[in-house]
Amino acid sequence: MAESMLGMKRSCYCGTLRISDCGKEVTLCGWVQRQRDLGQLIFIDLRDRTGIAQLAFDNNTDKEIFDKAFSIRGEYVLAARGIVRERSSKNPEIPTGDVELEVKELRILSKAETPPFEIVDETNVNEELRLKYRYLDLRRKPLQDSIMMRSKIAKVARDYYHENGFVEIETPMMIKSTPEGARDYLVPSRVHPGKFYALPQSPQIYKQLLMLSGFDRYIQLARCFRDEDLRADRQPEFTQIDLEMSFVDVEDILEMNEGFMKRLFKEIIDVDIQLPLPRLSYKDAMERYGSDKPDTRFGMEIKNISDLVKDTEFGVFKSAVESGGSVRAIVAKNAVNVLTRKEIDKLTEYVKGIGGKGLAFVRWLDDAPTCSFSKFMKEGELEAILEFLGAEKGDVVLFVADKNSITLSTLGALRLKVAKQLDIIPKDKFNLLWIVDFPFFEQDEETGEWLAMHHPFTMPKEECLQYLESDPSKVIAKAYDLVLNGTELSSGSIRITDYELQQKMFRALNLTDEEIEAKFGFLVEAYKYGAPPHGGMGIGLDRLAMILSGNDNLRDVTAFPKVQNASELMSSCPSPVDQDSLDVLGIQIKKEN
């Protein structure tokens with residue numbers, strides 16, 4: 001039977017004991033990491049979220065307490081009172097390794113069955129099993145450290161923005177469904193049969209309304225929900241450090257958030273970030289890295305060789321240029337021993353799998369480079385290409401030819417894959433940069449229709465307003481993304497506040513008056529009553545925690561995460577509900593054939 005803690009209040013955490021505490025009486029509480037029975041000596045490693053302390057039982061220990069210690073097994077929950085003393089055999093591997101607790105009183109607060117896997121820092125246990133018993137997995141120090149770092153990031157965010165005059169305001173979790181780029185999670189209404197709330201993809205409209213309400217600086221650690229396919233850096237529910245500012249322009253917002261990043265990196269991982277952060281236009285980012293969230297910790301930039309090969313006899317290159325596309329390449333330095341012909345064949349299949357037609361290459365192993373298209377090259381053409389690219393003996397050059405969108409995205413993905421294969425991405429480097437000057441519209445290649453690249457409340461640059469209807473491709477948005485090591489941390493923009501301009505923008509997006517009223521009517525109406533210039537952004541708290549803690553999956557910084565199919569293995573959700581609950585909501589489940 002479990003014993004009571006009555007009269008044994010914890011006085012300190014296990015991981016805080018040091019040699020300076022010798023002689024003090026303390027009470028520790030925690031879980032048993034392991035028990036070692038050496039006959040006349042018993043040692044128990046007691047664990048809490050701060051670390052491990054050794055409990056010692058010897059000839060001087062009361063027999064009843066010694067016998068109790070003998071009965072203890074892994075993951076039992078204990079309370080122990082005693083005197084801190086210096087260890088005779090020290091353990092330099094742990095911070096508390098110089099001391100131990102000479103136990104005078106011991107209580108077993110809870111017994112434990114043998115867990116389905118051992119609670120140790122490094123484990124090869126199948127992740128599905130660990131997620132099923134997530135409450136046990138969360139006892140492991142690496143996970144606890146990551147969750148605690150996430151908590152510290154949240155505290156730094158609140159402290160920084162509060163100190164800079166921001167007001168923390170909660171926005172509704174059940175809202176009107178409005179288009180935001182992903183599918184909504186819908187909540188049926190019992191009171192209004194046939195109608196639904198949506199869980200917010202972001203607090204976008206509400207924070208804009210708060211600016212119209214006179215709260216000129218808003219901040220919220222906002223829960224957001226998106227029904228989309230999962231990947232390593234995406235969960236169906238996530239947290240944004242969400243903010244909005246009035247009477248500002250782009251520079252004010254970037255400066256405010258650069259200050260946050262500088263403080264965050266210093267306080268969390270003691271890294272000094274140099275300000276101002278570098279900036280890249282969307283066009284330059286795509287041209288150089290094939291991505292609007294480039295990882296700039298390594299080189300291997302994309303080079304356009306279209307002018308050099310437009311007259312070549314190699315039909316793949318020539319036809320790509322003639323049809324308005326391009327031929328581009330990346331150079332993998334000193335990669336010839338890693339990127340063998342067999343590996344290049346694998347990369348070719350990878351390229352085909354992400355939308356490319358194929359991959360041409362040059363491997364410069366010997367004095368003369370091996371080229372997959374050499375028979376189509378006239379004298380001097382290949383040498384000119386290699387010289388332009390800066391390729392040397394030992395290098396591998398990879399080429400893609402297609403329309404620009406495919407060429408750039410393919411080489412962007414290939415650049416990252418090859419860099420990981422070559423292991424040339426620095427692990428302890430943090431490259432923050434802004435991506436600016438986004439196109440306002442993107443054209444659907446199948447229908448030719450122009451769509452908003454960001455949400456329809458994004459402000460275009462003033463000098464581009466003249467092209468809204470005549471040439472949408474020339475319209476640049478007052479939008480910006482913050483990127484860290486190839487991961488998009490944040491997206492934001494200056495918002496449209498002029499009623500007539502907003503109507504013109506809706507028309508440019510081919511929205512009818514009925515669609516505008518149904519989707520955005522209440523916000524458009526609000527603009528009629530005096531709207532300050534404003535803008536903002538949302539910073540991904542989970543992604544920040546993932547990168548700063550050295551993890552590569554959001555599950556490692558989320559206490560109770562979902563897996564690939566958006567289910568939670570521990571509680572087996574989503575789950576069916578009873579028919580009575582469905583009937584109340586007027587919902588009928590359509591059975592699959």
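Reply: In what follows, axes are lines fitted to C-alpha atoms, for helices over the stretch in contact, and angles run from 0 to 180 degrees between N-to-C directions. The model is predicted, and local features therefore need a pLDDT of at least 70, while side-chain atom pairs count only at pLDDT 80 or more and totals for chains, interfaces and linings use all residues. Residues are numbered from 1 along each chain as its sequence is written, and side-chain values use heavy atoms, with hydrogens and water left out.

The part to begin with is the pair formed by helix α10, residues 341–353, and helix α12, residues 404–422, which pack at an angle of about 145 degrees with their axes 11 Å apart; helices here are DSSP runs (H or I, at least four residues) and strands likewise (E, at least two), numbered from the N terminus. On the α10 side the contact (heavy atoms within 4.5 Å) is made by Glu 343, Leu 347, Tyr 350 and Val 351, and on the α12 side by Thr 410, Ala 413, Leu 414, Lys 417, Val 418 and Gln 421. These contact residues divide into six nonpolar, two polar and two charged, where Ala, Val, Leu, Ile, Met, Phe, Trp, Tyr, Cys and Pro count as nonpolar, Asp, Glu, Lys and Arg as charged, and the others, Gly among them, as polar.

Helix α10 also holds Thr 348, which is buried at a relative accessible area of 15% (buried means under 20%, exposed over 50%, and partly exposed in between, with a 1.4 Å probe and protein chains only). Leaving aside residues up to four places away in sequence, Thr 348 touches Gly 358 and Leu 359.

A second pair can be set beside this one: helix α5, residues 204–212, and helix α14, residues 513–526, pack at an angle of about 15 degrees, and their axes lie 10 Å apart. Here Ile 205, Gln 208, Leu 209 and Leu 212 of α5 meet Phe 520, Phe 522, Leu 523 and Ala 526 of α14, a contact whose residues divide into seven nonpolar, one polar and no charged.

Turning to the whole, the protein has 16 helices and 22 strands, and its C-alpha atoms fill a box of roughly 90 × 75 × 60 Å along the principal axes. Of its 593 residues, 47% are buried, and among contacts between residues at least 6 apart in sequence, 67% join residues at least 24 apart.

The peptide bond from Leu 275 to Pro 276 is cis, with omega near 0 degrees, and Pro 276 lies in the loop between α6 (250–269) and β11 (279–281). In the loop between β10 (237–246) and α6, Phe 247 has a phi near 60 degrees, a positive value in a residue other than glycine, and its relative accessible area of 63% makes Phe 247 exposed. The loop between α15 (541–548) and α16 (579–585) holds Pro 574, whose peptide bond from Cys 573 is cis with omega near 5 degrees, and Ser 572, placed in the loop between α15 and α16, has a positive phi of about 60 degrees although it is not a glycine.

Lastly, a search of the whole structure finds zero disulfides, a disulfide being a pair of cysteine sulfur atoms within 2.5 Å. The sulfur of Cys 12 is 7.7 Å from the closest cysteine sulfur, in Cys 14, which is too far for a bond.
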